Amino acid sequence: MSQSYNRGLIEDFGRWREFSAGMWAWIFHKFTGWVLVGYLFTHIAVLSTAIPAASQDPATLAAGEDIYTTTIVTLESLLLVRILEVGLLAVAVFHILNGLRLLLVDLGIGLDSQDKSFYASLILTGAITVASVPTFIAGAF
Amino acid sequence: MSTQPPQQETDESTAETSAEPETESTSPGQQKRAAQKRERANASAQRQAEADAKAKADEETREIKVFRYDPEVEEKQEPRFDTFHVPFTKGMTVLDAVMYARDHYDPSLTFRHSCRQAICGSDAFFVNGRQRLGCKTQVSELDEPIRIEPLPHQDVVKDLVVDMDHFYEEMESVDPYFDPDETPGNDLEEQRQSRANREKVKMSTRCIWCAACFSSCNIAAGDNQYLGPAALNKAYRFAMDEREGESRKQERLETIEQEHGVWRCQTQFSCTNVCPKDIPLTEHIQELKREAVKKNLKFW
């Protein structure tokens, strides 16, 4: 074979504008998957360090002054955490819906409308996220 | 023609006479020849400019930008895009456009083509960001300027020609030929296929080995050993053919269920989207996955 030239970015993400629905679904699914894995481990780390520190004294627990409660209350008082929670919901909902879509694809059902089911999962994710905003943001200000 | 050339002539002749006393080493004849050469260059540049202007003014041309690269010529080792204005005719395909550019503007423009009717599978290009068959893509359906590049994820040999060796190796690795367990005693006897079975493999038989799907597949790009959509489709075509028999089918399933086989497919649907013969590649790969699972599942 003669020499060849590496065309660099055109080989991969340089042509992201031309990606089709199935490709975007794959990228979003990977991305949301990694975010969920990251969240899971953060979640485990935060809670597992907070629980042993919780006071066993019923009076402290009743007053809501134990370390576990104060940790959660402090976190929830931060606007950034509230926003991140909305983001987490969006990520989880998309991953669930696209996961159902992939289940159908694996079963060979409706492969002709795989792009429509991707758009549907995007729209549903958007709707659910928007609907959740009042619940998550309430009392944050 | 314009009146420009005669004027230039007088300009140059005056310049010539004024320069004469200083440069005695060059003979008047040489100078004259040099002047004529310059004049010719000017005239041809002007002609080119006029042709360009005319091409732009003329609505019935299409602008194509073609990827150029030639490792054998030093000046062409750095890839570039060449722009051609091709006269548009009704029904013109991308292949027609590059053929016109080659025949009328630049004979060194290199690309593969043969049948011009989407049968030979030679002319898959990357047109406006998508793998398409040049002879099956109407110029009228594309936005201008039309960018024509060689297939991504394959090494470029020259201009639009890519190295297909790896693709052919993948295709050969699934034994892409009919190979039944038992052949009829009489060699001349037909091996008949049921209509239903024919319908099942019909779409998969349409593959023309153009490598558009292989080029569009992200997984094939990252994993050199991945069989790729075209080869898996070939495997499907024969694994699903009932005439081959059960033991051959098991062998075929063993080939495709290996580490770099069907399970690498991440259902991005890129191959299905670009296939010029509308083969539902992802569907076939998914079915092979299910067949592979069924083969290995044992409930006792």
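This is a predicted model: local features need pLDDT of at least 70, side-chain atom pairs count only at pLDDT 80 or more; totals for chains, interfaces and linings use all residues.
Chain B is assigned two domains. Domain 1 spans residues 61-162. Domain 2 is built from two segments, 165-182 and 194-296. The centres of domain 1 and domain 2 of chain B, taken over C-alpha atoms, are separated by 29 Å. Contact between these domains involves 14 residues of domain 1 and 11 residues of domain 2. On the domain 1 side, strand 4 (residues 130-133) of chain B supplies the largest share, with four residues. By class, the residues on that side of domain 1 of chain B comprise seven nonpolar, four polar and three charged.

A helix pair of chain B was examined next. Two packed helices are described by the angle between their axes and the distance between the axes. For helix 9 (residues 246-256) and helix 11 (residues 281-296) of chain B, the axes come within 10 Å. They cross at roughly 110 degrees. Angles of 65 to 115 degrees count as roughly perpendicular, and helix 9 and helix 11 of chain B are therefore roughly perpendicular to each other. The crossing of helix 9 and helix 11 of chain B is left-handed.

Helix 9 of chain B contributes Q250(B), L253(B) and I256(B) to the contact. Helix 11 of chain B contributes L288(B), E291(B), A292(B) and K295(B). The residues of this contact between helix 9 and helix 11 of chain B divide into four nonpolar, one polar and two charged.

Definitions and conventions:
Residues are numbered from 1 along each chain as its sequence is written. Chains are lettered from A and ligands numbered from 1 in the order in which they are written. Domain bounds come from an automatic or database domain assignment. Two residues are in contact if their C-beta atoms, placed from the backbone, lie within 7 Å. Helices (H or I, at least four residues) and strands (E, at least two) are DSSP runs, numbered from the N terminus. Ala, Val, Leu, Ile, Met, Phe, Trp, Tyr, Cys and Pro count as nonpolar, Asp, Glu, Lys and Arg as charged, and the others, Gly among them, as polar. Axes are lines fitted to C-alpha atoms, for helices over the stretch in contact, and angles run from 0 to 180 degrees between N-to-C directions. Angles under 35 degrees count as roughly parallel, over 145 as roughly antiparallel, 65 to 115 as roughly perpendicular and the rest as oblique. A crossing is left-handed if the near helix is turned anticlockwise from the far one by less than a right angle, and right-handed if clockwise.
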